[in-house]
Amino acid sequence: MEKTIFSLFVYTFEMLIAFAFFIKNYNIKQKPRFIAILVGLLLFLPCAIIFTTFGNEIINLTVFFVINFLFAKICFDINLKSAIIQSILLDAIMFTTEILTISIHSAVTKIPTNLYKTNFTVFVLVTIISKVLYLTISQLFSFIVQKHNLDSFKNKYFIPLFIFPVLTIVTSSLFLFIALDVDLSTGYQITLFVVSILFIFSCIFMFIYYQTLLEKESKISELESEQRINNMNTTYLEILEHQNDEFHMMFHDMKNHYLTLRNMESIGDVKQYINKLYPSFENKNKVKISKNKIIDIILNKYIVVCKNNNIKFYYEVKTADLNYINDVELSIILNNALDNAVEAAKNSFDKEIEISIRHINNIDLLSIINSCDTSPVHKDNILTTTKMHSQNHGFGSKIIERHTKANNGEYEWFYDEKEKKFHLSLMFSSK
(Lines give C-alpha, C1' and ligand atoms only; values in the text may rest on other atoms or scores of the structure.)
Protein backbone atom coordinates (compact mmCIF):
# COMPACT_ATOMS: atom_id res chain seq x y z
CA MET A 1 0.00 0.00 0.00
CA GLU A 2 2.78 2.42 0.98
CA LYS A 3 4.61 1.62 -2.25
CA THR A 4 1.53 2.41 -4.34
CA ILE A 5 1.00 5.74 -2.58
CA PHE A 6 4.65 6.63 -3.01
CA SER A 7 4.49 5.63 -6.69
CA LEU A 8 1.67 8.13 -7.18
CA PHE A 9 3.94 10.87 -5.82
CA VAL A 10 6.82 9.65 -8.00
CA TYR A 11 4.77 9.72 -11.20
CA THR A 12 3.49 13.18 -10.30
CA PHE A 13 7.10 14.23 -9.96
CA GLU A 14 7.99 12.61 -13.31
CA MET A 15 5.12 14.52 -14.91
CA LEU A 16 6.48 17.77 -13.48
CA ILE A 17 9.97 16.90 -14.76
CA ALA A 18 8.50 16.42 -18.24
CA PHE A 19 6.57 19.69 -17.85
CA ALA A 20 9.74 21.57 -16.85
CA PHE A 21 11.64 20.00 -19.74
CA PHE A 22 9.07 20.77 -22.46
CA ILE A 23 8.17 24.26 -21.24
CA LYS A 24 11.82 25.31 -21.37
CA ASN A 25 12.01 24.41 -25.07
CA TYR A 26 8.47 24.79 -26.44
CA ASN A 27 5.49 27.12 -26.14
CA ILE A 28 2.63 25.84 -24.03
CA LYS A 29 -0.76 25.33 -25.68
CA GLN A 30 -2.91 24.97 -22.59
CA LYS A 31 -3.42 28.18 -20.62
CA PRO A 32 -3.55 28.72 -17.70
CA ARG A 33 -0.74 26.32 -16.88
CA PHE A 34 -2.61 24.32 -14.28
CA ILE A 35 -4.71 22.90 -17.14
CA ALA A 36 -1.57 21.43 -18.72
CA ILE A 37 -0.52 20.07 -15.31
CA LEU A 38 -3.99 18.57 -14.83
CA VAL A 39 -3.77 16.90 -18.26
CA GLY A 40 -0.35 15.58 -17.27
CA LEU A 41 -1.72 14.12 -14.03
CA LEU A 42 -4.52 12.38 -15.93
CA LEU A 43 -1.88 10.82 -18.19
CA PHE A 44 0.82 9.96 -15.65
CA LEU A 45 -1.07 8.78 -12.56
CA PRO A 46 -2.68 5.74 -14.24
CA CYS A 47 0.86 4.65 -15.10
CA ALA A 48 1.65 4.32 -11.39
CA ILE A 49 -1.12 1.76 -11.16
CA ILE A 50 0.13 -0.05 -14.27
CA PHE A 51 3.68 -0.11 -12.93
CA THR A 52 2.74 -1.42 -9.49
CA THR A 53 0.38 -3.95 -11.06
CA PHE A 54 2.75 -5.44 -13.63
CA GLY A 55 6.19 -4.38 -12.36
CA ASN A 56 7.65 -5.04 -15.79
CA GLU A 57 10.44 -2.69 -16.95
CA ILE A 58 9.65 -3.06 -20.67
CA ILE A 59 5.99 -2.25 -20.09
CA ASN A 60 6.97 0.63 -17.83
CA LEU A 61 9.37 2.14 -20.41
CA THR A 62 6.86 1.73 -23.24
CA VAL A 63 4.05 3.35 -21.29
CA PHE A 64 6.39 6.10 -20.09
CA PHE A 65 7.31 6.94 -23.71
CA VAL A 66 3.67 6.99 -24.78
CA ILE A 67 2.52 9.32 -22.00
CA ASN A 68 5.44 11.70 -22.52
CA PHE A 69 4.63 11.81 -26.23
CA LEU A 70 0.92 12.43 -25.60
CA PHE A 71 1.73 15.04 -22.94
CA ALA A 72 4.02 16.88 -25.38
CA LYS A 73 1.55 16.84 -28.29
CA ILE A 74 -1.52 17.76 -26.24
CA CYS A 75 -0.02 20.51 -24.09
CA PHE A 76 2.87 21.99 -26.08
CA ASP A 77 3.46 23.51 -29.50
CA ILE A 78 5.76 20.78 -30.79
CA ASN A 79 5.90 18.93 -34.11
CA LEU A 80 5.57 15.15 -34.41
CA LYS A 81 9.27 14.47 -35.00
CA SER A 82 10.42 16.57 -32.06
CA ALA A 83 7.79 15.02 -29.77
CA ILE A 84 9.03 11.52 -30.61
CA ILE A 85 12.72 12.43 -30.20
CA GLN A 86 12.21 14.29 -26.91
CA SER A 87 10.03 11.51 -25.50
CA ILE A 88 12.66 8.91 -26.38
CA LEU A 89 15.29 11.16 -24.77
CA LEU A 90 13.29 11.44 -21.53
CA ASP A 91 12.69 7.68 -21.55
CA ALA A 92 16.42 7.03 -21.96
CA ILE A 93 17.41 9.51 -19.24
CA MET A 94 14.87 8.10 -16.81
CA PHE A 95 15.98 4.50 -17.37
CA THR A 96 19.70 5.38 -17.28
CA THR A 97 19.44 7.34 -14.03
CA GLU A 98 17.58 4.47 -12.35
CA ILE A 99 20.23 1.93 -13.41
CA LEU A 100 23.09 4.24 -12.42
CA THR A 101 21.59 5.04 -9.02
CA ILE A 102 20.93 1.39 -8.16
CA SER A 103 24.31 0.17 -9.46
CA ILE A 104 26.46 2.87 -7.86
CA HIS A 105 24.78 2.70 -4.45
CA SER A 106 24.85 -1.09 -4.54
CA ALA A 107 28.59 -1.00 -5.25
CA VAL A 108 29.30 1.57 -2.53
CA THR A 109 27.08 0.12 0.21
CA LYS A 110 27.65 -3.55 -0.74
CA ILE A 111 23.92 -4.25 -0.83
CA PRO A 112 22.09 -6.38 -3.42
CA THR A 113 20.78 -4.43 -6.39
CA ASN A 114 17.27 -5.80 -5.83
CA LEU A 115 17.04 -4.79 -2.17
CA TYR A 116 15.02 -1.70 -3.08
CA LYS A 117 12.21 -4.03 -4.20
CA THR A 118 11.77 -5.50 -0.70
CA ASN A 119 12.94 -2.73 1.63
CA PHE A 120 10.54 0.24 1.51
CA THR A 121 12.99 2.72 3.06
CA VAL A 122 15.68 1.80 0.55
CA PHE A 123 13.07 1.99 -2.23
CA VAL A 124 12.07 5.52 -1.19
CA LEU A 125 15.63 6.84 -0.97
CA VAL A 126 16.89 5.18 -4.15
CA THR A 127 13.83 6.46 -6.01
CA ILE A 128 14.36 9.99 -4.68
CA ILE A 129 17.99 9.97 -5.77
CA SER A 130 17.25 8.59 -9.24
CA LYS A 131 14.38 11.04 -9.88
CA VAL A 132 16.34 14.08 -8.73
CA LEU A 133 19.19 12.88 -10.96
CA TYR A 134 16.66 12.48 -13.77
CA LEU A 135 15.51 16.08 -13.22
CA THR A 136 19.10 17.36 -13.17
CA ILE A 137 20.18 15.61 -16.37
CA SER A 138 17.00 16.48 -18.27
CA GLN A 139 17.46 20.15 -17.39
CA LEU A 140 21.12 19.94 -18.42
CA PHE A 141 20.00 18.62 -21.79
CA SER A 142 17.66 21.62 -22.08
CA PHE A 143 20.61 23.83 -21.29
CA ILE A 144 22.72 22.15 -24.01
CA VAL A 145 19.90 22.41 -26.57
CA GLN A 146 19.92 26.18 -26.01
CA LYS A 147 23.70 26.40 -26.42
CA HIS A 148 23.44 29.40 -28.74
CA ASN A 149 22.30 31.39 -25.68
CA LEU A 150 24.89 30.17 -23.20
CA ASP A 151 26.15 33.68 -22.53
CA SER A 152 22.71 35.22 -22.18
CA PHE A 153 21.29 36.52 -18.95
CA LYS A 154 18.82 33.63 -18.91
CA ASN A 155 21.47 31.04 -18.15
CA LYS A 156 23.58 33.11 -15.78
CA TYR A 157 20.93 32.51 -13.13
CA PHE A 158 19.91 29.07 -14.38
CA ILE A 159 23.16 27.24 -13.54
CA PRO A 160 22.99 27.89 -9.75
CA LEU A 161 19.63 26.08 -9.66
CA PHE A 162 21.52 22.79 -9.95
CA ILE A 163 23.07 23.29 -6.51
CA PHE A 164 19.92 22.24 -4.65
CA PRO A 165 19.34 19.00 -6.64
CA VAL A 166 22.98 18.03 -6.10
CA LEU A 167 22.66 18.68 -2.37
CA THR A 168 19.43 16.64 -2.35
CA ILE A 169 21.20 13.70 -3.98
CA VAL A 170 24.05 13.89 -1.47
CA THR A 171 21.68 14.22 1.51
CA SER A 172 19.47 11.34 0.34
CA SER A 173 22.57 9.18 -0.15
CA LEU A 174 23.59 9.91 3.46
CA PHE A 175 20.06 9.00 4.60
CA LEU A 176 20.41 5.72 2.70
CA PHE A 177 23.68 4.87 4.45
CA ILE A 178 22.09 5.63 7.83
CA ALA A 179 18.98 3.60 7.03
CA LEU A 180 21.14 0.57 6.17
CA ASP A 181 23.07 0.79 9.46
CA VAL A 182 20.24 1.74 11.80
CA ASP A 183 16.86 0.08 12.28
CA LEU A 184 14.58 3.10 11.91
CA SER A 185 11.33 3.30 13.85
CA THR A 186 8.00 3.82 12.10
CA GLY A 187 8.00 7.50 13.10
CA TYR A 188 11.41 8.05 11.55
CA GLN A 189 10.36 6.20 8.39
CA ILE A 190 7.26 8.42 8.04
CA THR A 191 9.40 11.51 8.63
CA LEU A 192 11.89 10.28 6.04
CA PHE A 193 9.04 9.67 3.60
CA VAL A 194 7.61 13.19 4.06
CA VAL A 195 11.02 14.91 3.91
CA SER A 196 11.91 13.00 0.75
CA ILE A 197 8.66 14.06 -0.92
CA LEU A 198 9.32 17.68 0.07
CA PHE A 199 12.86 17.41 -1.28
CA ILE A 200 11.87 16.28 -4.76
CA PHE A 201 8.97 18.71 -5.11
CA SER A 202 11.17 21.58 -3.90
CA CYS A 203 13.69 20.73 -6.61
CA ILE A 204 11.15 20.73 -9.41
CA PHE A 205 9.38 23.81 -8.02
CA MET A 206 12.64 25.78 -8.32
CA PHE A 207 13.03 24.98 -12.02
CA ILE A 208 9.38 25.57 -12.93
CA TYR A 209 9.18 28.80 -10.91
CA TYR A 210 12.41 30.02 -12.49
CA GLN A 211 11.02 29.32 -15.96
CA THR A 212 7.81 31.18 -15.09
CA LEU A 213 9.75 34.24 -13.92
CA LEU A 214 11.97 34.03 -16.99
CA GLU A 215 9.00 34.03 -19.35
CA LYS A 216 7.44 36.99 -17.54
CA GLU A 217 10.70 38.91 -17.74
CA SER A 218 11.05 38.03 -21.41
CA LYS A 219 7.47 39.15 -22.04
CA ILE A 220 8.10 42.45 -20.28
CA SER A 221 11.28 42.97 -22.34
CA GLU A 222 9.36 42.18 -25.52
CA LEU A 223 6.58 44.61 -24.67
CA GLU A 224 9.12 47.29 -23.75
CA SER A 225 10.93 46.72 -27.03
CA GLU A 226 7.67 46.90 -28.95
CA GLN A 227 6.72 50.10 -27.13
CA ARG A 228 10.10 51.66 -27.92
CA ILE A 229 9.69 50.77 -31.59
CA ASN A 230 6.14 52.09 -31.59
CA ASN A 231 7.22 55.36 -29.97
CA MET A 232 10.13 55.67 -32.40
CA ASN A 233 7.86 55.03 -35.38
CA THR A 234 5.24 57.49 -34.14
CA THR A 235 7.89 60.16 -33.67
CA TYR A 236 9.41 59.44 -37.06
CA LEU A 237 6.04 59.59 -38.76
CA GLU A 238 5.33 62.95 -37.15
CA ILE A 239 8.65 64.29 -38.41
CA LEU A 240 8.03 62.99 -41.92
CA GLU A 241 4.51 64.38 -41.93
CA HIS A 242 5.90 67.75 -40.98
CA GLN A 243 8.53 67.53 -43.73
CA ASN A 244 5.88 66.54 -46.24
CA ASP A 245 3.73 69.51 -45.23
CA GLU A 246 6.67 71.81 -45.74
CA PHE A 247 7.37 70.18 -49.08
CA HIS A 248 3.81 70.74 -50.28
CA MET A 249 4.00 74.33 -49.10
CA MET A 250 7.20 74.73 -51.07
CA PHE A 251 5.50 73.48 -54.24
CA HIS A 252 2.67 75.89 -53.56
CA ASP A 253 5.22 78.69 -53.57
CA MET A 254 6.87 77.50 -56.78
CA LYS A 255 4.70 79.77 -58.93
CA ASN A 256 6.19 82.72 -57.10
CA HIS A 257 9.70 81.44 -57.79
CA TYR A 258 8.88 80.98 -61.49
CA LEU A 259 7.51 84.53 -61.68
CA THR A 260 10.68 85.85 -60.06
CA LEU A 261 12.91 83.90 -62.45
CA ARG A 262 10.90 85.07 -65.46
CA ASN A 263 11.44 88.70 -64.53
CA MET A 264 15.21 88.33 -64.17
CA GLU A 265 17.24 89.66 -67.11
CA SER A 266 20.74 88.47 -66.10
CA ILE A 267 21.69 84.80 -66.31
CA GLY A 268 23.98 85.44 -63.35
CA ASP A 269 21.01 86.54 -61.25
CA VAL A 270 19.09 83.42 -62.32
CA LYS A 271 21.94 81.12 -61.30
CA GLN A 272 22.38 82.93 -58.01
CA TYR A 273 18.66 82.62 -57.28
CA ILE A 274 18.61 78.90 -58.17
CA ASN A 275 21.67 78.27 -56.01
CA LYS A 276 19.79 79.75 -53.08
CA LEU A 277 16.77 77.52 -53.78
CA TYR A 278 18.69 74.27 -54.39
CA PRO A 279 19.54 73.39 -50.76
CA SER A 280 15.84 73.49 -49.95
CA PHE A 281 15.17 70.74 -52.53
CA GLU A 282 18.31 68.66 -52.18
CA ASN A 283 16.97 66.31 -49.49
CA LYS A 284 13.32 66.40 -50.60
CA ASN A 285 13.11 62.98 -52.24
CA LYS A 286 9.52 62.26 -51.20
CA VAL A 287 7.47 60.75 -53.99
CA LYS A 288 3.97 59.42 -54.20
CA ILE A 289 4.23 55.62 -54.51
CA SER A 290 0.83 54.28 -53.48
CA LYS A 291 -2.62 55.42 -52.41
CA ASN A 292 -1.67 55.02 -48.76
CA LYS A 293 0.20 57.92 -47.17
CA ILE A 294 1.74 55.71 -44.44
CA ILE A 295 3.12 53.26 -47.01
CA ASP A 296 4.56 56.17 -48.99
CA ILE A 297 6.23 57.67 -45.92
CA ILE A 298 7.73 54.36 -44.79
CA LEU A 299 8.95 53.35 -48.25
CA ASN A 300 10.55 56.75 -48.74
CA LYS A 301 12.30 56.26 -45.42
CA TYR A 302 13.77 52.95 -46.57
CA ILE A 303 14.71 54.33 -49.97
CA VAL A 304 17.09 56.60 -48.05
CA VAL A 305 18.17 53.85 -45.61
CA CYS A 306 18.97 51.45 -48.47
CA LYS A 307 20.79 54.13 -50.43
CA ASN A 308 22.97 54.88 -47.39
CA ASN A 309 23.77 51.16 -47.02
CA ASN A 310 24.36 50.54 -50.76
CA ILE A 311 21.33 48.25 -50.93
CA LYS A 312 19.28 47.95 -54.12
CA PHE A 313 15.68 48.66 -53.20
CA TYR A 314 12.86 47.60 -55.52
CA TYR A 315 9.19 48.25 -54.83
CA GLU A 316 5.85 47.61 -56.50
CA VAL A 317 2.85 48.68 -54.44
CA LYS A 318 0.37 50.10 -56.91
CA THR A 319 -2.27 47.36 -56.88
CA ALA A 320 -3.11 47.41 -53.14
CA ASP A 321 -3.02 50.05 -50.43
CA LEU A 322 -3.89 48.17 -47.17
CA ASN A 323 -6.01 51.16 -46.13
CA TYR A 324 -8.16 48.94 -43.86
CA ILE A 325 -5.21 48.43 -41.49
CA ASN A 326 -4.71 50.97 -38.72
CA ASP A 327 -1.84 53.38 -39.47
CA VAL A 328 0.07 52.50 -36.29
CA GLU A 329 -0.39 48.75 -36.88
CA LEU A 330 0.75 49.06 -40.50
CA SER A 331 3.73 51.16 -39.41
CA ILE A 332 4.80 48.53 -36.87
CA ILE A 333 4.48 45.70 -39.40
CA LEU A 334 6.31 47.44 -42.25
CA ASN A 335 9.05 49.02 -40.15
CA ASN A 336 9.90 45.76 -38.39
CA ALA A 337 9.80 43.74 -41.60
CA LEU A 338 11.98 46.21 -43.50
CA ASP A 339 14.34 46.67 -40.53
CA ASN A 340 14.94 42.90 -40.56
CA ALA A 341 15.40 42.95 -44.34
CA VAL A 342 17.93 45.80 -44.19
CA GLU A 343 19.85 44.09 -41.36
CA ALA A 344 20.23 40.91 -43.44
CA ALA A 345 20.78 42.59 -46.82
CA LYS A 346 23.53 44.96 -45.71
CA ASN A 347 25.57 41.98 -44.49
CA SER A 348 24.99 39.98 -47.68
CA PHE A 349 26.91 39.87 -50.96
CA ASP A 350 24.09 40.89 -53.33
CA LYS A 351 22.61 43.59 -51.06
CA GLU A 352 19.08 43.86 -52.38
CA ILE A 353 15.50 44.09 -51.12
CA GLU A 354 12.25 43.68 -53.05
CA ILE A 355 8.87 44.66 -51.62
CA SER A 356 5.53 44.30 -53.31
CA ILE A 357 1.93 44.73 -52.21
CA ARG A 358 -0.44 43.05 -54.65
CA HIS A 359 -4.16 42.40 -54.76
CA ILE A 360 -4.96 38.82 -55.86
CA ASN A 361 -8.44 37.25 -55.61
CA ASN A 362 -9.64 39.37 -52.67
CA ILE A 363 -6.31 38.83 -50.91
CA ASP A 364 -3.71 41.53 -50.38
CA LEU A 365 -0.26 39.96 -50.42
CA LEU A 366 2.62 41.88 -48.86
CA SER A 367 5.86 40.23 -49.95
CA ILE A 368 9.39 41.14 -48.91
CA ILE A 369 12.37 39.32 -50.41
CA ASN A 370 15.87 40.21 -49.28
CA SER A 371 19.32 38.83 -49.89
CA CYS A 372 20.59 36.81 -46.94
CA ASP A 373 23.83 34.84 -47.14
CA THR A 374 23.20 32.62 -44.12
CA SER A 375 20.15 30.55 -43.27
CA PRO A 376 18.18 32.22 -40.45
CA VAL A 377 18.23 30.53 -37.05
CA HIS A 378 14.87 29.11 -36.09
CA LYS A 379 13.28 26.63 -33.75
CA ASP A 380 10.15 24.81 -34.94
CA ASN A 381 9.87 27.47 -37.69
CA ILE A 382 9.97 30.28 -35.10
CA LEU A 383 12.75 32.73 -35.95
CA THR A 384 15.31 33.45 -33.23
CA THR A 385 18.00 36.09 -33.08
CA THR A 386 21.67 35.49 -33.80
CA LYS A 387 22.71 38.73 -32.09
CA MET A 388 24.49 38.98 -28.78
CA HIS A 389 22.47 40.06 -25.75
CA SER A 390 19.38 38.44 -27.23
CA GLN A 391 17.16 39.76 -24.46
CA ASN A 392 17.29 43.16 -26.19
CA HIS A 393 16.83 41.91 -29.73
CA GLY A 394 15.02 39.31 -31.79
CA PHE A 395 11.48 40.45 -31.11
CA GLY A 396 10.95 41.90 -34.62
CA SER A 397 9.61 38.71 -36.17
CA LYS A 398 7.34 38.00 -33.21
CA ILE A 399 5.98 41.54 -33.38
CA ILE A 400 5.31 41.23 -37.13
CA GLU A 401 3.50 37.93 -36.65
CA ARG A 402 1.44 39.19 -33.71
CA HIS A 403 0.25 42.36 -35.46
CA THR A 404 -0.39 40.48 -38.70
CA LYS A 405 -2.64 38.00 -36.91
CA ALA A 406 -4.28 40.84 -34.99
CA ASN A 407 -5.42 42.16 -38.39
CA ASN A 408 -6.72 38.74 -39.48
CA GLY A 409 -3.66 38.14 -41.61
CA GLU A 410 -1.40 35.17 -42.14
CA TYR A 411 2.36 35.15 -41.63
CA GLU A 412 4.71 32.88 -43.58
CA TRP A 413 8.41 32.77 -44.34
CA PHE A 414 10.94 30.55 -46.03
CA TYR A 415 14.62 30.68 -46.94
CA ASP A 416 15.80 29.88 -50.46
CA GLU A 417 19.15 28.17 -49.86
CA LYS A 418 20.02 28.16 -53.55
CA GLU A 419 19.27 31.83 -54.23
CA LYS A 420 20.40 32.94 -50.76
CA LYS A 421 17.20 34.90 -50.25
CA PHE A 422 14.76 35.24 -47.37
CA HIS A 423 11.07 35.41 -48.31
CA LEU A 424 8.45 36.95 -46.02
CA SER A 425 4.78 36.81 -46.98
CA LEU A 426 1.91 38.51 -45.18
CA MET A 427 -1.59 37.83 -46.48
CA PHE A 428 -4.62 39.96 -45.60
CA SER A 429 -8.23 39.57 -46.65
CA SER A 430 -9.36 42.75 -48.37
CA LYS A 431 -13.08 41.96 -48.01
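**Salt bridges, burial and pairing**

User: What makes E14 and K131 a salt bridge?

Analyst: The closest N and O atoms of E14 and K131 are 2.4 Å apart. The term asks for a side-chain nitrogen of Lys or Arg within 4 Å of a carboxyl oxygen of Asp or Glu, so the pair qualifies. E14 sits in helix α1 (residues 2-25) and K131 in helix α5 (residues 120-145), so the bridge ties together parts 117 residues apart in sequence. Helices (H or I, at least four residues) and strands (E, at least two) are DSSP runs, numbered from the N terminus.

The model is predicted: local features need pLDDT of at least 70, side-chain atom pairs count only at pLDDT 80 or more, and totals for chains, interfaces and linings use all residues. Residues are numbered from 1 along each chain as its sequence is written, and side-chain values use heavy atoms, leaving out hydrogens and water.

User: Why are E14 and K131 called buried?

Analyst: Their relative accessible areas are 3% for E14 and 4% for K131. Buried means under 20%, exposed over 50%, partly exposed in between (1.4 Å probe, protein chains only). Both values therefore fall in the buried class. Across the protein chain, 45% of the 431 residues count as buried.

User: Which residues are linked with E14 in a network of salt bridges?

Analyst: E98 and K131 join E14 in that network. The structure holds seven salt bridges.

User: How do you know that K421 bridges E354?

Analyst: The N to O distance is 3.7 Å. That is within the limit, so the bridge counts. K421 lies in strand β7 and E354 in strand β2, 67 residues apart. K421 also meets E352 in a salt bridge, at 3.0 Å.

User: Why is K421 buried, and what class does E354 get?

Analyst: K421 has 16% relative accessibility, so K421 counts as buried. E354 has 30%, so E354 counts as partly exposed.

User: What makes β1 and β2 a pair?

Analyst: Five bridges join strand β1 (residues 312-316) to strand β2 (residues 352-360). Pairing takes at least two DSSP bridges, so these strands pair. They run parallel. One of the contacts along β2 is E354, the bridge partner of Y314.

User: Why is V66 called partly exposed?

Analyst: Its relative accessibility is 36%, so V66 is in the partly exposed class. V66 lies in helix α3 (residues 57-75).
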